[in-house]
Amino acid sequence: MRELIKSLSKLKLNYELGKKTWFGTGGSTTLFLEVHSKSSLKKIIKLLPYNFPIFIVGAGSNLIVRDGGFKGLTLKLTDEFKNIDFNKQNKVLKIGGGLKDHIISNFCYKNSIGNFEFLRGIPGTLGGNIKMNAGCFGKTISDDLIKCRILNRKGEELCLDKRDINFSYRRSDIPDNSIILDAEFSVKLSSKKHILEKTNKIVKTRTKSQPIKNRTGGSTFKNPLNVSAWKLIDKINYRGKKIGDASVSTKHTNFLINNSNANSLDLEILGEEIKESVKKKFNINLDWELKRIGEFKKI
Ligand SMILES: Cc1cc2nc3c(=O)[nH]c(=O)nc-3n(C[C@H](O)[C@H](O)[C@H](O)COP(=O)(O)OP(=O)(O)OC[C@H]3O[C@@H](n4cnc5c(N)ncnc54)[C@H](O)[C@@H]3O)c2cc1C
């Protein structure tokens, strides 16, 4: 109980969630809470009326929070959810849902674990990765997944085997109101030299091809079958196109950028314009990869 009271005492009202995302745009969440342990998370979820909206934020690297904000409780996993443990005997890696990708990647390097180099280029958290089935350079987070523990909206903890989850390109069917607590992966050992070579190559390629120093949200759209979204966007001449202070990156046309004072509506209108033009010119429906939450601001 003491733990729960301690957690709730840190509840923040009208927290500027949008400003904490990679884009740095958008409104506030009515309530925001950093949760430190599984036991207090369970109690909080059980305390909340079942219909009270919740959102789980990771690193906010694939997220647009609309300018009117999110009316509900946003939860962020910290402390206990940032654990990482390698069982050398079974070659199983257990990772907490709140742990950031670059920390996972560093841990893997130190322990000669070879199948997570790709995370070096993704600025999310384990929970966000699983929800989005994140991946790059031919690997996705679900490839070596064994099982994943989630907390559903009723406060029940479920252990899902990989085969219980439907993973597809940048998607898993884990419900939006379930919380990914941790996951276990099978490990392939490798040499530090080889891991370093791979991660260095990834960093080099990304620095060259993506606007990673800008306020962005990664890929805006999923790649349609057999064609890259960026090529379609290039062909409709949207490279560098601006709306307000939002623009299409000149380095990678599937990335939107907040140049400094954009709002979420600028970003979303730019995205919708792209969708419309691509549909008109190529009869292809672009599907948003970015998650968009909250309400539009009333004018
Ligand atoms: C520069 C840049 C490069 C990128 N490159 C890539 C890339 O190569 N490949 C790729 O796949 N993605 C890429 N991304 C997108 C993004 O990093 C990934 O989608 C990442 O997995 C999102 O993780 P996050 O923690 O930031 O999630 P958030 O953006 O915070 O949230 C995304 C979704 O995950 C959910 N979520 C987060 N944590 C949890 C949890 N614990 N439990 C349940 N749901 C949760 C949220 O509710 C939301 O629905 C890139 C982004 C940027 C900014």
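The entries cover the helix and then the interface.

**Entry: helix α7**

I noted that the model is predicted. I looked up α7 and found that it runs over residues 264–282, 19 residues in total. I compared its span with expectation: from first C-alpha to last it reaches 27 Å, close to the 27 Å expected at 1.5 Å a residue.

I then listed the buried residues of α7: Ser264, Asp266, Leu267, Glu268, Leu270, Gly271, Ile274 and Val278. For the spacing I kept the general rule in mind: an α-helix has 3.6 residues a turn, so residues three or four places apart point the same way. I also looked up what covers these buried residues; the cover includes the helix α6 (229–235). Strands β4 (63–65), β16 (242–243), β17 (246–248), β18 (255–258) and β19 (291–293) are also included.

**Entry: domain 2 against domain 3**

I took the bounds from the domain assignment, which gives domain 1 (2–79), domain 2 (83–194) and domain 3 (212–293). The C-alpha centres of domain 2 and domain 3 are 28 Å apart. I found six residues of domain 2 in contact with four residues of domain 3.

The two domains bury about 450 Å² between them, with 55% of that area from carbon and sulfur atoms. On the domain 2 side, Met132, Tyr169 and Arg170 supply 84% of the area buried against domain 3, more than any other three residues.

Which side chains meet in a salt bridge? I found Glu289 and Arg170, at 3.9 Å from N to O. The count of salt bridges between domain 2 and domain 3 is one. The rule for polar contacts finds one residue pair across this interface.

Technical notes: Residues are numbered from 1 along each chain as its sequence is written. This is a predicted model: local features need pLDDT of at least 70, side-chain atom pairs count only at pLDDT 80 or more; totals for chains, interfaces and linings use all residues. Side-chain values use heavy atoms; hydrogens and water are left out. Helices (H or I, at least four residues) and strands (E, at least two) are DSSP runs, numbered from the N terminus. The expected span of a helix is 1.5 Å times one less than its number of residues. Buried means under 20% relative accessible area, exposed over 50%, partly exposed in between (1.4 Å probe, protein chains only). Contact means heavy atoms within 4.5 Å. Domain bounds come from an automatic or database domain assignment. Buried area is the accessible area (1.4 Å probe) that two parts lose on being put together, summed over both. A salt bridge is a side-chain nitrogen of Lys or Arg within 4 Å of a carboxyl oxygen of Asp or Glu. A polar contact is a pair of N or O atoms within 3.5 Å; within protein, one must be able to donate a hydrogen and the other to accept it, and residues adjacent in sequence count only if both atoms are side-chain atoms.
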